[in-house]
Amino acid sequence: MATAMATSTKRRRPVRVDTSWRFTWRGLLALAGALQCGVGQAQAVLGPTDGAGLGQAAASADESGTGTRRSAPVAWRLESSVMVSDNLGARPSAEGKDGGSMLRVAPGVRYAHRGAQAQWQVDYSLQGQRYVRTEQQGKPFQNNLRASGNAQFFGSALTLEGQASIAQRTRSAFDVQRTFGESALGETSEVGTLSVGPSLKWRMGEQWRGRLSHSSTVTRARGTQTGDANGQNTQLTLEQAQRALLTWGAQFSHQTSNAVEGRDTATTQARVNLTWKPDVDWSVGGHGGRERSNLQSTEQATGALYGLNVAWSPTPRTRAQMSGEHRVVGNFHTLSLDHRFSRAAIRLSDSRTVNQVGFVGGATGTTNYDLIAAQLGTQVSDPVERDLLVRQRLAELGLSPDALVANGFLSSQPSVSRSRLLGLTYQQQRALWTLNLTQTRTSRLVAGGLGSEDLANSAFVQSNSAQGGLTYRLTPMSAVRLQASWQRNEGENAALQRNELRTLVVGWQWRLGPSVQVATGLRHTEFDSPARPFTENAVLLTVEQRL
């Protein structure tokens with residue numbers, strides 16, 4: 001007893017509180033655990049706020065019966081994942097595999113606002129990852145951002161618009177290729193793009209209206225200057241204000257691009273537009289004028305500019321567009337068809353376009369989010385509600401929103417891309433099938449180039465890809481998933497500039513309540529290239545919690 005009393009009378013050391021903030025992995029994991037606990041407690045107090053499912057979310061309506069879905073302006077989420085791989089470092093088979101694990105914690109937030117004078121939506125996530133027992137040393141933190149918005153002043157006369165994005169992109173089409181969203185090696189760069197500018201509208205009597213707009217765009221890639229550029233675009237448009245069977249107008253535009261590692265380019269266009277709209281379902285338009293540009297050479301070239309476009313939308317489920325244009329640097333076109341059946345959706349597109357400095361190829365930068373949003377575009381017109389449906393569909397398919405349908409590359413010179421895309425989605429009572437086929441051929445406009453980018457060493461880069469998936473719902477809360485993908489990249493020197501990536505994923509996902517989703521999977525990867533072929537087998541575990 002005396003010993004107990006002596007122990008109780010000992011002086012306790014004062015507790016020191018370290019107020020400095022350091023980004024350590026122990027602190028990051030502790031923060032993730034605290035966020036998950038806080039989300040669970042808040043969910044218990046507030047009740048279920050998410051997880052209604054695709055069909056239920058589309059049918060949600062407000063209490064007034066207007067049919068407009070009232071979504072929460074702020075939605076938090078926390079995603080934690082573990083990947084165990086027998087070759088995380090993508091080491092060639094002849095050198096022995098480099099096994100290891102990757103731990104990832106990705107808190108994120110989505111904010112949407114719709115007001116009378118301002119509308120915007122922001123989706124941001126910070127991904128922290130740690131490599132364990134492997135020689136691979138990847139980026140410890142990655143940012144992903146998708147934001148857009150506009151604000152109106154003086155009624156609707158003055159509008160300020162802006163867009164911003166941050167995503168992980170491959171630097172070269174001939175380097176090691178990996179599946180986005182699950183692993184990112186040193187061959188990728190964090191590419192950020194910001195575009196902002198005002199537009200001014202006015203009326204001239206009852207017959208005419210005008211619009212003057214200007215936008216500034218900045219593109220930066222972390223770890224490299226390839227693809228870094230500043231751009232300016234100014235447009236002046238005059239057109240008839242009242243609807244008529246035949247309308248016409250005029251447009252003047254001036255666009256410049258200043259590349260850090262490339263040359264400066266400028267394009268000026270002046271044209272007259274004519275539109276014939278005999279019915280609400282379709283319209284025919286044409287334009288003609290002059291163009292002055294130095295995209296194809298260091299000297300300015302002047303020539304004729306003319307084109308034709310046709311749009312047809314017989315039903316809310318069907319949209320078809322066709323356009324062709326002759327410019328100083330060549331002939332270009334765009335063909336697209338979107339149709340939604342009762343249980344399926346199809347998207348066809350064929351285009352030949354000019355690329356400015358930045359990220360090119362990769363089916364002209366089409367992401368999984370863009371493809372699903374295009375397929376659901378005829379189903380939901382409201383942008384906020386469509387965003388919720390797209391993310392719900394991507395979660396069901398187990399796809400990352402920012403992952404590209406096909407990988408591309410960074411370039412510091414203007415180029416021309418010919419892209420073809422076929423997207424299919426078929427939904428049964430329990431099964432969801434998807435198929436995406438793409439082909440993109442990107443060619444340089446000027447021979448040679450600066451640095452070691454792909455178009456400086458090859459006249460063209462061609463990418464063919466195929467991606468198919470099946471999600472089968474076992475119960476209302478669980479499903480199995482099968483996903484296969486293939487991509488082949490080729491350059492001018494096919495013996496050295498080529499690679500092929502094949503991936504197969506088998507997984508199981510289920511919901512633990514209205515806001516928690518767990519997914520597991522097995523992945524097999526085969527990569528074939530002259531310089532660094534490898535194979536990999538990995539086990540994946542992901543837990544996502546939403547509020």
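I count two strands as paired if DSSP finds at least two bridges between them. Strands here are DSSP runs of E with at least two residues, numbered from the N terminus.

**Ground rules.** I am reading a predicted model, where local features need pLDDT of at least 70, side-chain atom pairs count only at pLDDT 80 or more, and totals for chains, interfaces and linings use all residues. Residues are numbered from 1 along each chain as its sequence is written, and side-chain values use heavy atoms, with hydrogens and water left out.

**Strand S1.** I looked up the partners of S1, residues 74-85. S1 runs antiparallel to S24 (residues 534-546), and 9 bridges join the two. S1 also runs antiparallel to S2 (residues 100-114), here with 12 bridges. Then I picked Arg-77. Its bridge partner in S2 is Gly-108. In S24, Arg-77 is bridged to Arg-546.

**Phe-154.** I noted the background: most residues other than glycine have a negative phi. Is Phe-154 buried or exposed? I call a residue buried under 20% relative accessible area, exposed over 50%, and partly exposed in between (1.4 Å probe, protein chains only). Phe-154 has a relative accessible area of 72%, so it is exposed.

**Arg-211.** I found Arg-211 in strand S7, residues 208-221. Its relative accessible area is 32%, so Arg-211 is partly exposed. I listed its contacts (heavy atoms within 4.5 Å). Leaving out residues up to four places away in sequence, Arg-211 touches Glu-161, Ser-199, Leu-200, Lys-201, Trp-202, Gln-235, Leu-236 and Thr-237. I also checked Leu-158, 53 residues from Arg-211 along the chain; their C-alpha atoms are separated by 9.8 Å.

**Nonpolar patch.** Which residues make the nonpolar surface patch? I have Leu-245, Leu-246, Trp-248, Val-272, Leu-274, Trp-276, Trp-282 and Trp-312, covering about 810 Å². Strands S9 (246-259) and S10 (265-276) are the elements that give two or more residues to the patch. S10 gives the most, with 3 residues. For a patch, I take residues with over 30% relative accessible area and no salt bridge; like charges are joined within 9 Å, nonpolar side chains (Val, Leu, Ile, Met, Phe, Trp, Tyr) within 5 Å. A salt bridge is a side-chain nitrogen of Lys or Arg within 4 Å of a carboxyl oxygen of Asp or Glu. Areas come from the Shrake-Rupley method with a 1.4 Å probe; for residues, only the protein chains shown count as cover. Leu-246 is partly exposed because its relative accessible area is 48%.

Notes
Helix = DSSP H or I, 4+ residues; strand = E, 2+ residues; numbered from the N terminus.
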